[in-house]
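Me: Please take a close look at a single part of this model. I would like one connected account, in short sentences.

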Protein chains: 2
Amino acid sequence: MSLFNKTVIIGTGLIGSSLGFALKKKRLVSQVTGLSRHRKNARLAKGCGAIDRVGKSLGEVKDADLLVLATPVNSIIDIALKVSKRIKKGCVVIDVGSTKGKIVSAISRAIPNFIGCHPLSGSEKRGAVNLQPEIFKDSICIITPTVKTDKKILSKIVLLWRKLGSRVVILSPEEHDQILAFTSHLPHAVAFSLMGCIPDELLSLSSRGLKDTTRISAADPNLWSEVFLSNRRNLLSCISAFQEKLAVLKLALKRNDKMFLSNILVEANKKRERLG
Amino acid sequence: MSLFNKTVIIGTGLIGSSLGFALKKKRLVSQVTGLSRHRKNARLAKGCGAIDRVGKSLGEVKDADLLVLATPVNSIIDIALKVSKRIKKGCVVIDVGSTKGKIVSAISRAIPNFIGCHPLSGSEKRGAVNLQPEIFKDSICIITPTVKTDKKILSKIVLLWRKLGSRVVILSPEEHDQILAFTSHLPHAVAFSLMGCIPDELLSLSSRGLKDTTRISAADPNLWSEVFLSNRRNLLSCISAFQEKLAVLKLALKRNDKMFLSNILVEANKKRERLG
């Protein structure tokens with residue numbers, strides 16, 4: 001069952017190209033055009049079967065029924081505002097950015113049919129070359145409508161993500177950013193800081209524990225500095241909460257207090273078990 | 001080629017039983033007896049083919065040619081001192097504990113043929129039930145001799161780990177503890193603190209990033225509080241180094257300084273690439 005006819009995806013990176021591939025495979029859209037700042041990326045996405053054609057310019061959006069903004073967070077608003085006058089009436093626009101507050105508030109004003117989406121399917125890997133056809137399956141997709149969002153369009157977008165196998169969670173853009181600051185942006189800030197403090201000469205002696213704990217610091221530093229800045233206040237308070245926890249662990253260690261220390265680790269350990 | 005005849009392994013958990021299995025499979029020892037505080041663990045290890053027989057008491061060590069201490073770090077010294085009068089002359093004793101300073105200094109005095117070992121093959125999983133036959137293959141094993149260590153015995157133990165597929169690195173016990181504080185104990189302290197600060201109600205919205213970053217907080221809290229305490233001073237200075245890095249990242253965020261923030265992430269990212 002096709003949900004949309006002509007679809008344009010701006011940004012043919014890991015998420016954009018995986019989404020194109022999945023939409024085509026499930027026949028949820030009838031034709032996919034991909035646009036990328038670097039045309040070779042879009043050509044690569046076409047080669048992988050993620051898009052049907054490589055778009056030439058932003059003018060391609062003019063007859064799109066579904067427009068997906070899949071560029072890094074810092075350019076989503078700019079691009080949306082640029083294309084807002086060029087899309088046809090009724091075109092549904094979604095993004096897949098990692099923060100939602102600023103994006104949803106800025107774009108909704110210009111494009112009433114805009115719905116913010118955030119599939120929690122990102123990875124430290126990038127580009128169409130890492131395309132994963134099943135990346136949305138059994139994964140969470142957060143959708144952040146506003147009070148003004150058209151209910152019919154919302155249902156259609158919810159259905160789209162469900163058809164891709166995602167579990168849809170509806171949150172306000174503000175709730176999304178508060179939650180993601182804890183569950184995604186803080187772990188990234190911690191992983192980058194941990195990696196940053198390991199002396200170079202010890203890298204060859206690392207074990208799997210260090211590798212896993214710092215895996216996400218292999219993510220794109222430019223993309224992540226934008227994500228951090230676009231959710232600055234929430235992330236700052238999460239960092240403070242983390243600093244307090246670490247300070248308590250340090251105190252237990254300073255005091256050489258086995259019971260105190262053990263209780264801290266037991267609490268974290270029980271929570272980790274629930275994470276699965 | 002058999003390196004030792006009768007072998008006794010005290011502690012048939014993940015490492016003890018995996019080691020028994022690997023030694024038997026490679027025919028590096030002729031007979032393996034396993035001892036555990038809980039006899040059902042040792043029976044399980046026997047069931048998995050990790051040991052040939054379940055030992056009844058510490059008295060079993062009396063005719064061992066190789067004695068492996070594979071219990072949690074806090075009991076290694078106690079057990080070593082208990083058996084030191086019962087082992088025969090020439091019995092080679094090794095441990096597989098995660099810290100080395102205190103262990104090597106305490107045990108070497110009582111058992112001249114003791115060599116501290118630390119295979120970097122641990123996991124958050126525990127018990128013979130998680131036995132991994134290939135756990136030592138392509139993994140690092142740190143061996144920490146002292147100036148008094150017999151060179152022939154050291155060569156034999158180096159050979160034993162190499163035959164199991166490990167890359168052997170020789171360090172002093174003090175170097176070992178300084179390095180491991182950074183590469184293993186700090187990541188654990190960070191992972192436990194990160195997990196500890198995530199609000200319970202958000203656990204169901206976590207993505208793979210949080211899961212990977214906190215994976216090692218699924219490790220045994222009792223075992224890890226002992227590891228932390230046995231390497232307290234080194235870990236405290238590593239935590240301070242990490243706190244400084246995180247404070248700098250927070251400052252960049254507070255200042256809303258894209259270039260400053262980006263430089264911090266780029267530095268960590270480059271280091272992570274070298275980690276592989």
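Reply: Start with helix H3 of chain B, residues 73-83, in this predicted model. Its buried residues are Val73(B), Ile76(B), Ile77(B), Ile79(B), Ala80(B) and Val83(B). An α-helix has 3.6 residues a turn, so residues three or four places apart point the same way.

What lies over the buried residues of H3(B)? The cover includes three strands of chain B: S1 (4-10), S4 (66-69) and S5 (92-95). It also includes two helices of chain B, H4 (101-110) and H8 (221-230).

Ser17(B) sits in helix H1 of chain B, which spans residues 14-25. Ser17(B) counts as buried because 33 C-beta neighbours fall inside 10 Å, and the cut-off for buried is 20 or more. Neighbours within four places in sequence are set aside for its contacts. Those contacts are Thr12(B), Ala45(B), Cys48(B), Ala50(B), Ala128(B) and Leu131(B). Leu171(B) gives a distance for scale: Ser17(B) and Leu171(B) are 154 residues apart in sequence, and their C-alpha atoms are 25 Å apart in space.

Last, the pair of chains.

How values were computed: Residues numbered from 1 in each chain as written. Chains lettered and ligands numbered in written order. Predicted model: local features only at pLDDT ≥ 70, side-chain atom pairs only at ≥ 80, totals over all residues. Buried ≥ 20, exposed ≤ 12 C-beta atoms within 10 Å, placed from the backbone. Helix = DSSP H or I, 4+ residues; strand = E, 2+ residues; numbered from the N terminus. Contact = placed C-beta atoms within 7 Å.
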